[in-house]
Each structure stands twice: as C-alpha cells, then as structure tokens.
Amino acid sequence: MPGIHKRHQDLFKEFNQKLPELESVNGDFLKYSWSNASVVFANSTCFSKDLMEQILLKAELLRKGAIVITFTKKLPGTSRSPNWEVHEGFRRYMSWGLATVYIHKKVNYGFCLRQFRDKKEKEKKIMI
Ligand SMILES: C[S@@+](CC[C@H](N)C(=O)[O-])C[C@H]1O[C@@H](n2cnc3c(N)ncnc32)[C@H](O)[C@@H]1O
C-alpha cells in the first residue's frame, strides 16, 4: 500500500511536533514483531481464514491487557479461549459503509497458541 504509506509520512511530517514518535512501515506485517503493542488494528474484512489464523498466532504473543480490533472477522477460536475476552461484533459506519467490529482483549497467555500448533501438526500428519 505505497499510497497509504506516503500519506502517513506526509501526515507525520505535517504534525511532527504534535504527535508522539510514529513510524509507518510499508511491508508484510507478519514479518514484523508487534508483541509489545498495546493496540493492534486490522482492517480485516477481506482477509482469508489462514491470514486470520496467522494474525492470531502473533496476537498470542501480546501481553495481558493488549487489545486487538478486527473488522468483519473475529480472531479464530477466541470466543472459546480463556486467553481472550471478546466484545462480539457491533456495527459502525465507516467511510465505505457499515462494518462489524470485534474487540479482543488479551486476558491470559499461552493456551490458544498451543491449540493452533497442535492443529497445524495434525494437518501436517494428515498430509503425509
Ligand atoms: C481492507 S484493506 C485496508 C487498507 C487500509 N489499511 C485501510 O485501513 O484503509 C486490507 C489491506 O491489508 C493488506 N494486507 C493483507 N495482508 C497483509 C500483510 N501480510 N502485510 C501487510 N498488508 C497486508 C492488503 O493488501 C489490503 O490493502
């Protein structure tokens, strides 16, 4: 998304003195560590199931109290996980129309990640 990246850079320059230190990265968010984030937002309406699972694996590394906001799709398995409190989808108007918003709060550490690793292991064994 080079267009959005350029817009961010222009905005940061314009509001340089008034904003905390911010950085815009034009790259694959799966290749970066964001385990120290307090709030993560994914405009995830068009994301695949696999991509949502990969986001969950990274989100499992967030500390307690961190918030993950997604659109249209929940982080998979979080409603049943002891690691997450999920504010089930509520609808809000965005610039393009109505979106369903999910707010996930990290309340524990570890279980869901193990569950997904087990699932991936099972899938590997089935493919062999
Ligand atoms: C619905 S669009 C949102 C665009 C913009 N971020 C916004 O909020 O208006 C979702 C975007 O996520 C991007 N995306 C999907 N997987 C990505 C990844 N692994 N790393 C970085 N961007 C990704 C897609 O290219 C797409 O532009």
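Residues are numbered from 1 along each chain as its sequence is written. As the model is predicted, local features need pLDDT of at least 70, and side-chain atom pairs count only at pLDDT 80 or more, while totals for chains, interfaces and linings use all residues.

Four strands form an open sheet. Their order is β1-β2-β4-β3, and the pairing is mixed. Strands (E, at least two residues) and helices (H or I, at least four) are DSSP runs, numbered from the N terminus. Two strands pair if DSSP finds at least two bridges between them. The edge strands are β1 (39–42) and β3 (84–94), each of which pairs on one side only. On average, neighbouring strands of this sheet are turned by 20° against each other, direction ignored. Axes here are lines fitted to C-alpha atoms, for helices over the stretch in contact, and angles run from 0 to 180 degrees between N-to-C directions.

Strands of a sheet pair through backbone hydrogen bonds, either parallel or antiparallel. Here β1 and β2 (residues 67–71) pair in the parallel sense, over four bridges. Val39 stands opposite Ile67 in β2. Ala42 stands opposite Thr70 in β2. The pairing of β2 with β4 is antiparallel and runs over five bridges. In that pairing, Phe71 faces Val101 of β4 as its opposite residue. β3 and β4 (residues 97–106) are also paired in the antiparallel sense, over nine bridges. These two strands form a hairpin with two residues between them.

Burial was assigned by counting C-beta atoms placed from the backbone: a residue is buried if 20 or more others lie within 10 Å of its own, exposed if 12 or fewer, and partly exposed in between. Of the 11 residues of β3, the number buried is one, so β3 lies largely in the open. In a regular strand the side chains alternate between the two faces of the sheet. β2 has a covered face with Val68 and Thr70. Its uncovered face holds Ile67, Ile69 and Phe71.

Helix α2 spans residues 49–59. Its buried residues include Ile55, Leu56 and Ala59. These three cover an arc of only 105° around the axis, which puts them on the same side of α2. The arc is that of the directions from the helix axis to the C-beta atoms. Leu56 counts as buried because it has 24 C-beta neighbours inside 10 Å. The C-alpha atoms of Leu56 and Gly77 are separated by 9.0 Å, with the two residues 21 apart along the chain.

The ligand is surrounded by Met1, Ile4, Asp28, Phe29, Leu30, Asn43, Thr45, Cys46 and Leu51. A residue is near a molecule if its C-beta atom, placed from the backbone, lies within 6 Å of it. By class, the shell has six nonpolar, two polar and one charged residues. Ala, Val, Leu, Ile, Met, Phe, Trp, Tyr, Cys and Pro count as nonpolar, Asp, Glu, Lys and Arg as charged, and the others, Gly among them, as polar. Domain 1 (1–32) and domain 2 (33–127) each supply at least three residues to the shell. The domain bounds come from an automatic or database domain assignment.
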